[in-house]
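Subject: Structure handover

Hello,

Here is the structure I promised to pass on. Please open it first, then read my notes below.

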Amino acid sequence: MEKQSFLQALHDKYCDNDTQEEQVHIISGKEVKMIGFEEMEKKLADLMFLRIVLLNKQNIDRFSDEELKDKNCDDRFQLKSLQELDLRDNYIESWSTLSEITNVCPKLRELVITGNPILPPNEQDVETVRQSLKNITNLIIGNVNYSWSDVNKFLPIFDGLRKLNLFQN
């Protein structure tokens, strides 16, 4: 799978409705029809009401592609109710990319960025991204090879942080 933008991964997972009219699956050798699945897909496709988004292992390395730049402010890409975002095991390398992503999530409280090659922030990063990450109360950032010095560099970004998980660092 190629690297892709956050918006593309979000669209592919939650908005792409190129599914068959009738959802039929084989489970334990029995044919099962997914009744009401279309209604659930419609709700998921309305990103404004999603509270939890799981985009782990989606090869995300940036917020948007050039062809989507005009749509960034479109309400369709605003995650106004989102409270938990899992971006574990992607390719996010910078705090500014993380800030772009969280800018469309004004109610975000929990962020999982475990397993991303995110570099420790510099002083400029801290000031630039503080606003978009100010509401985070629970941060899970394991397996990024941060030292305590690196942790101390990003802690000032999170004014309301109550829970920090730094496993495998």
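Predicted model: local features only at pLDDT ≥ 70, side-chain atom pairs only at ≥ 80, totals over all residues.

Start at Asn-59, in the loop that runs from strand S4 (52–54) to strand S5 (60–62).

**Backbone**

Most residues other than glycine have a negative phi. Asn-59 is not a glycine, yet its phi is positive, at about 60°. Asn-59 is also buried, because its relative accessible area is 12%, below the 20% cut-off.

Asp-89 also has a positive phi, about 55°, and is not a glycine either. Look for Asp-89 in the loop between strand S6 (84–86) and helix H3 (95–102). Asp-89 is partly exposed, with a relative accessibility of 29%.

**Aromatic rings**

How many aromatic pairs does the structure hold? There are 5. One is Phe-6 with Phe-63, which is stacked. Their centres are 6.1 Å apart, with 20° between the planes. Phe-6 belongs to helix H1 (residues 6–14), while Phe-63 is in the loop between S5 and S6. The two are 57 residues apart, so this pair links distant parts of the chain. Phe-6 and Phe-63 are both buried.

Trp-95 and Phe-158 pair edge-to-face, at 6.1 Å centre to centre and 65° between the planes. Trp-95 is in helix H3, and Phe-158 is in the loop between helix H5 (148–154) and strand S9 (163–165), so their pair ties together parts 63 residues apart in sequence. Both Trp-95 and Phe-158 are buried. Ring pairs join Trp-95, Tyr-146, Phe-154 and Phe-158 in a cluster.

**A charge over a ring**

Lys-3 sits over the face of Tyr-91, 4.7 Å from the ring centre.

Best wishes

Note on methods:
Residues numbered from 1 in each chain as written. Heavy atoms only, no water. Helix = DSSP H or I, 4+ residues; strand = E, 2+ residues; numbered from the N terminus. Buried < 20%, exposed > 50% of the residue type's maximum accessible area, 1.4 Å probe, protein only. Phe/Tyr/Trp six-rings, centres within 6.5 Å; stacked < 30°, edge-to-face > 60°. Lys NZ or Arg CZ within 6 Å of the ring centre and 35° of its normal.
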